[in-house]
Amino acid sequence: MALVAIQERLDFWKSVLALGWEVGWQDLERRLRLDRDKRRSWVKLGAKCAAVAAGAALGATVFLYRFKPEVIVQSIINWNRRKAGFVTKTVKDAAGFTFSYGERGQRRPNQPVIILVPGLTGSIDNWVPVAKFMEDHFMIAVEMPGGGKTSCNPETDLCIMGQVQRLRQLLTLLKLNGRQLHLVGAATGGTVVGCYAAMYPDHVAKLTLICPALRSAETADVISTELAGVDSGMLFKSPETIAKSLELLSKKPRKLNKQIATGLYRIKRQNMLDGRKLADSMLDDIWRGEKDTLLVPRLKNIKAPTQVIWGQYDRVIHVSGVEVLKQGLTDCQSVDILQCGHSIFMDEPEELAALLEEFIAKR
């Protein structure tokens with residue numbers, strides 16, 4: 001009897017457990033089914049939200065491209081700077097004058113700081129194509145008055161010697177005047193750094209001159225046209241004239257569509273107006289007088305080892321300037337003439353980077 005009672009109890013609890021298991025499993029299945037349906041609903045909702053966001057982003061991009069192309073162009077410029085390692089910074093003097101510059105790499109002890117100075121109306125972006133092919137040197141790409149976002153007002157001295165003093169002012173603000181510098185300048189920027197190296201030789205460890213503005217035996221197309229009182233077109237005055245400007249600067253100019261050209265023009269419009277003042281001053285100081293009063297008479301005062309780079313087909317500053325530099329410099333260590341136009345940044349950025357790296361590595 002006891003065994004029968006035990007068996008009955010076991011059978012009873014088995015049936016209870018079986019029933020509980022069946023009910024529990026069915027409940028679990030129901031819950032999973034509900035969860036699956038909820039997940040599907042959330043996925044569908046997420047997909048709809050993503051589609052709406054993508055549509056809104058596309059619509060905004062189309063609107064900006066059509067009506068505010070300068071926003072698109074500036075976004076591309078900023079992205080390219082970051083990709084090349086440049087961080088855009090500003091610094092002000094006591095009077096509120098603002099300098100804009102790009103900083104790249106880490107400072108290293110016992111290594112000269114590389115200072116990059118562009119030409120007429122130039123900015124950090126001139127050096128972006130070159131920096132992409134270089135090591136992680138500590139570099140400062142300067143935006144001089146009349147170029148980029150550095151302050152420029154009617155009282156700003158836009159002559160070359162005024163630019164030299166502004167460069168010295170910036171280096172003082174950045175506490176770099178006591179540091180050994182490797183100055184790299186192109187076109188009018190080359191004239192600025194050359195004059196700087198002559199005036200402050202103890203602060204310059206190395207000097208790179210890339211087609212600096214100076215008078216030589218021959219005069220290139222752009223300068224000849226300007227001296228004849230005709231606008232050469234190098235400083236564009238409308239989106240439609242950018243193509244002409246690129247043809248003068250580059251041996252293999254890029255083609256820009258109408259909207260991108262419009263955006264670029266709107267960004268650079270004020271720089272072009274300021275650049276006209278600097279160009280007129282430079283023409284007076286270098287070509288319109290009896291002799292060059294800027295870089296050429298100061299070459300003998302440059303003590304730093306100097307690298308010279310020029311484009312064979314430069315239509316702005318004639319390549320015969322190479323001979324003037326070779327004769328006037330006391331320590332001209334290398335001369336390279338590349339098969340390109342005035343804007344070596346655009347035509348041969350990788351080759352220019354390789355030449356700079358080679359000179360940097362020299363002790």
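Author: Let me begin with pairing: two strands pair if DSSP finds at least two bridges between them, and helices (H or I, at least four residues) and strands (E, at least two) are themselves DSSP runs, numbered from the N terminus. In strand S3 (residues 113–117), which five bridges join to strand S5 (residues 181–186), Leu116 stands opposite Val184 of S5. This is a predicted model, in which local features need pLDDT of at least 70 and side-chain atom pairs count only at pLDDT 80 or more, while totals for chains, interfaces and linings use all residues. Residues are numbered from 1 along each chain as its sequence is written, and side-chain values use heavy atoms, with hydrogens and water left out.

Reader: What makes S1 and S8 the edge strands of the sheet?

Author: The open sheet has eight strands in the order S1-S2-S4-S3-S5-S6-S7-S8, with mixed pairing, and strand S1 (87–92) and strand S8 (332–338) each pair on one side only.

Reader: Why is the pair of Glu70 and Arg266 called a salt bridge?

Author: A salt bridge is a side-chain nitrogen of Lys or Arg within 4 Å of a carboxyl oxygen of Asp or Glu, and the closest N and O atoms of Glu70 and Arg266 are 3.0 Å apart. Glu70 lies in helix H2 (residues 69–83) and Arg266 in helix H8, so the pair ties together parts that are 196 residues apart in sequence.

Reader: Which of the labels buried, partly exposed or exposed applies to Glu70, and which to Arg266?

Author: Buried means under 20% relative accessible area, exposed over 50%, and partly exposed in between (1.4 Å probe, protein chains only). Glu70 has a relative accessible area of 16% and is therefore buried, whereas Arg266, with 35%, is partly exposed.

Reader: How do you know that Glu143 and Arg81 meet in a salt bridge, and why do they count as buried?

Author: Their N to O distance is 3.3 Å, which falls within the 4 Å limit. Glu143 counts as buried because its relative accessibility is 1%, and Arg81 does so because its value is 9%.

Reader: Why does Lys237 count as exposed?

Author: Lys237 has a relative accessible area of 58%, so it is exposed, while Asp231, its salt-bridge partner at 2.8 Å, N to O, is partly exposed because its relative accessibility is 33%.
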